[in-house]
Amino acid sequence: MAEEKYETHEYDVIVIGAGGAGLRAAVEASAQGVKTALVCKSLLGKAHTVMAEGGIAAAMGNVYPEDNWKVHFRDTMRGGKLLSNWRMAQIHAQESPDRVLELEEWGALFDRPKDGLILQRDFGGHRYARLAHVGDRTGLEMIRTLQQHAVHKGIDVYMECNLQRLLTDAGKISGAFGYWRESGKFILFKCKAVVLATGGGGKAWKVTSNSWEYTGDGVTMAADVGADLMDMEFMQFHPTGMVWPPSVRGILVTEGVRGDGGTLKNTKGERFMFNYIPEFFKVETAETEKEADAWYEDKKNRRTPDLLPRDEVARAINSEVKAGRGTEHGGVFLDIASRRSADYIQRRLPSMYHQFKELADVDITKEAMEVGPTCHYAMGGVRVDADTTAATVPGLFAAGEVAAGLHGANRLGGNSLSDLLVFGRRAGLYAAEYCKALKGALAVNTDQVNAFAREMLAPFESKGSENPYTIHADLQECMQDLVGIIRVESELKKALEIIQQLKQRTRNVKIEGNRQYNPGWHLALDLHSLLGFSEAATLAAIERKESRGGHTRDDYPNTDAKFAKVNVVVRKKNGEFALSQEPLPEMPDELKALLEEKK
Amino acid sequence: MAEQQVHMRLWRGDAKGGEFRDYRIGVGEGMVVLDVIHAIQAQQANDLAVRWNCKAGKCGSCSAEVNGKPRLMCMTRMNTFKPGETITISPMRAFPIIRDLVTDVSYNFRKAEEIPAFKPKPKEADGTRRMFQEDIDRVQEFHKCIECFLCQNVCHVIRDHDDNKPAFAGPRFFVRLASLEMHPLDSNDRMELIQQKAGLGYCNITKCCTEVCPEHIHITDNAIIPLKERLVDEFYDPVRRLFRVFAGK
């Protein structure tokens, strides 16, 4: 077979992914004067960031002057069950206020209180009202602002272009290879640095808030070129996804509902979260309904347990449903109707109002919502240097959900959008610096590129009859049932076996039709990264024999001091994943002191 | 609830041509049109091309024409159709077809590039920026736009006259222009662009755009008409005109 011709482009920095992190990285790299391209799977402005609802966590102290980066740092570390990279948590808390104000300089319009500064809202795990927001559509405001800013900076954008493999030369990044969705034709980028901003892999689970794009591309591409992955066992199941009707199961219900006064109730009408306050958060959590309700008015009171970190709330809902106190559809009630005026609800939560009205025939100003956990966010991902976002492969950088470290074992709501901005900017900055300092020419191995091209076309010539959608659905069943909120060794091992079988089956995938905008083919290719992500997550889940944050083991129900000191690292050796436990970086004493303060 | 069979007619084809094809498929409780499209894709037509992302009306990817009406497929419930009704899905008509339900919407991205960027005024003396909710309410309405381009698709200035596209920005970008012009901090001047290159004058306020907006933005009343009024003030106010004559502008 004659090798197919493909178009080739040369850049200094290729940013893969155009959500908040990718856009911010591209803006920064371009501002540093290096030739930058932004490559994304969907149209510009449709990335997952657009779905973020609640807000951007930043200790600006507009509502509570007592708030500052030290409190935010402490909240993030405690929310992450002390497994977060301390340096990332520090940088994040220190820099996020500037990143929010920068968005305002670029045209974003956040909600305002009476004094005219940016209004901040309450969210789970944050001691003070801290989230800059626009109603419940903060992500839309953020992505549109960044998108328009990037467009006016003249950054080259390659839309609906799916990069599948990274290329290296003597261990350094030298390019990336993929295809145009529209034509199915191949495209090669030669570059000095790649910034991964590809998000997570939540589409491997069945009940998920994630879109088709979330197939673990960045994690798998990085692992394929030998980069370390870290904390892959920690998946966040957001406590409140829609549960009914079946077709909307998993769609996100913002934590802002609880931040603005909503409470969780079981079918007996009990506010059950008071029964699930863990020792770790006892000092700072209200014990009675009266105390919890008073907290909304005055933060001198202790916070409502409805706003415990997401892992705690998701487990509590899971337990209530298991105990038979859930709704007939397997959820619990989230009630704001009986607690706030219709006018307030519509003003604060317009898109939630709209979403329930249109998709579930529920008027949230009159009735309670039915909610349950939904796969939402990967805390783990590519292991990066805290300051520079550099992965362990030279020339590779990662920011946002695809990177590991900031969120430890559990992410706080609102810390994602700020993560995207803070580390997106740093990724762009340090990728540019790396390019400027790089000496010598890089080569792209054309034999390797041609081999990738053949691999990607194989499903068209396959003699098999596997349907890629069926394999994907089987993987989702497997991860949902065996690598879900509550895990146990025997099931995790079974999941590994199934993943191996599914890998075999992908070789027999047969694609009908041609290469032009063919979603069946696109999914067949994404199965590689979905399976890579799932395998790494399952292996890491077996390795961590304790329960912590977004990783709960039925066979090891408690935290274990031994595991409090290590990250689980996964890396590929000779094509197979290998595991190791590596010690957490030592935290400076002055930061340790912040964590030890009571309340 | 027992599954019901529905009859779907989907447009299949590419830039060279195509046809409507029939599919019969089971529908479960609460399903939206996009769910049905996905079911057909998984079970009967793996290569059926469609755009989607959030499936919750937040990203504006799955725009199409459902029984001739421009809609987001993810927000169109199957129980809004009569039992036994054939449901026809076609791609947006105002844009060139790529394949099946996917169209080439690059026109919109080109128009976005032509609009001068937001340019903030200097900060307050204390280094802050203060704005009041009542001053930004109207701009926040415009910022709700999810860029589904249904307003562009339905606007007869370009829907029926493709040759108008170079000289017409379309409702989406009138909303964008209005959001910049009414932004309390912006200091850029876009009036000449609005009058000339963006072609606001082509709009004769039939409100088709407002009717199809899934975000219920009052495109005509709150964006287009106020912009038209500003144009009148800027270019046709006799006092200002006289002033321009003397100022030599």
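Between domain 1 of chain B and domain 2 of chain B, 7 residue pairs are in polar contact, with both partners at pLDDT 80 or more. On the domain 1 side of this contact, β3 (63–66) and β4 (69–72) of chain B each contribute at least two residues. Sorted by class, that side holds 8 nonpolar, 3 polar and 4 charged residues. The structure you are looking at is a predicted model, and it scores ipTM 0.95 and pTM 0.96. For chain B, the average pLDDT is 94, and 98% of the residues score at least 70.

**Inside chain B**

The domain assignment places domain 1 at residues 4–103 and domain 2 at residues 106–247. Taken over C-alpha atoms, the centres of these two domains of chain B lie 31 Å apart. Domain 1 of chain B brings 15 residues to the contact and domain 2 of chain B brings 17. Which residues of domain 1 of chain B lose the most area to domain 2 of chain B? They are B:P70, B:A94 and B:F95, which together make up 43% of what that side buries. The count of salt bridges between the two domains of chain B is 2. B:R93 pairs with B:D160 in a salt bridge, where the closest N and O atoms are 2.8 Å apart.

**Inside chain A**

Chain A is also assigned two domains, domain 1 (240–373) and domain 2 (446–583). Their centres, over C-alpha atoms, are separated by 32 Å. Here 4 residues of domain 1 of chain A touch 5 residues of domain 2 of chain A. Three residues, A:D311, A:R315 and A:N318, provide 78% of the area that domain 1 of chain A buries against domain 2 of chain A, more than any other three residues. Polar contacts across this interface amount to 2 residue pairs, both partners at pLDDT 80 or more, while the salt bridge count is 0. Helix α8 (residues 310–322) of chain A gives the largest share of the domain 1 side, with 3 residues. That side of domain 1 of chain A is made up of 1 nonpolar, 1 polar and 2 charged residues.

**Between the chains**

Polar contacts between chain B and chain A number 37 residue pairs, both partners at pLDDT 80 or more.

**Buried areas**

Interface size is often expressed as the accessible area lost when the parts come together.

| Interface | Buried area | Share on carbon and sulfur atoms |
|---|---|---|
| Domain 1 and domain 2 of chain A | about 390 Å² | 64% |
| Domain 1 and domain 2 of chain B | about 1200 Å² | 55% |
| Chain B and chain A | about 5000 Å² | 53% |

Definitions and conventions: Residues are numbered from 1 along each chain as its sequence is written. Chains are lettered from A and ligands numbered from 1 in the order in which they are written. This is a predicted model: local features need pLDDT of at least 70, side-chain atom pairs count only at pLDDT 80 or more; totals for chains, interfaces and linings use all residues. Side-chain values use heavy atoms; hydrogens and water are left out. Domain bounds come from an automatic or database domain assignment. Contact means heavy atoms within 4.5 Å. Buried area is the accessible area (1.4 Å probe) that two parts lose on being put together, summed over both. A salt bridge is a side-chain nitrogen of Lys or Arg within 4 Å of a carboxyl oxygen of Asp or Glu. A polar contact is a pair of N or O atoms within 3.5 Å; within protein, one must be able to donate a hydrogen and the other to accept it, and residues adjacent in sequence count only if both atoms are side-chain atoms. Helices (H or I, at least four residues) and strands (E, at least two) are DSSP runs, numbered from the N terminus. Ala, Val, Leu, Ile, Met, Phe, Trp, Tyr, Cys and Pro count as nonpolar, Asp, Glu, Lys and Arg as charged, and the others, Gly among them, as polar. pLDDT is the predictor's confidence in each residue, from 0 to 100.
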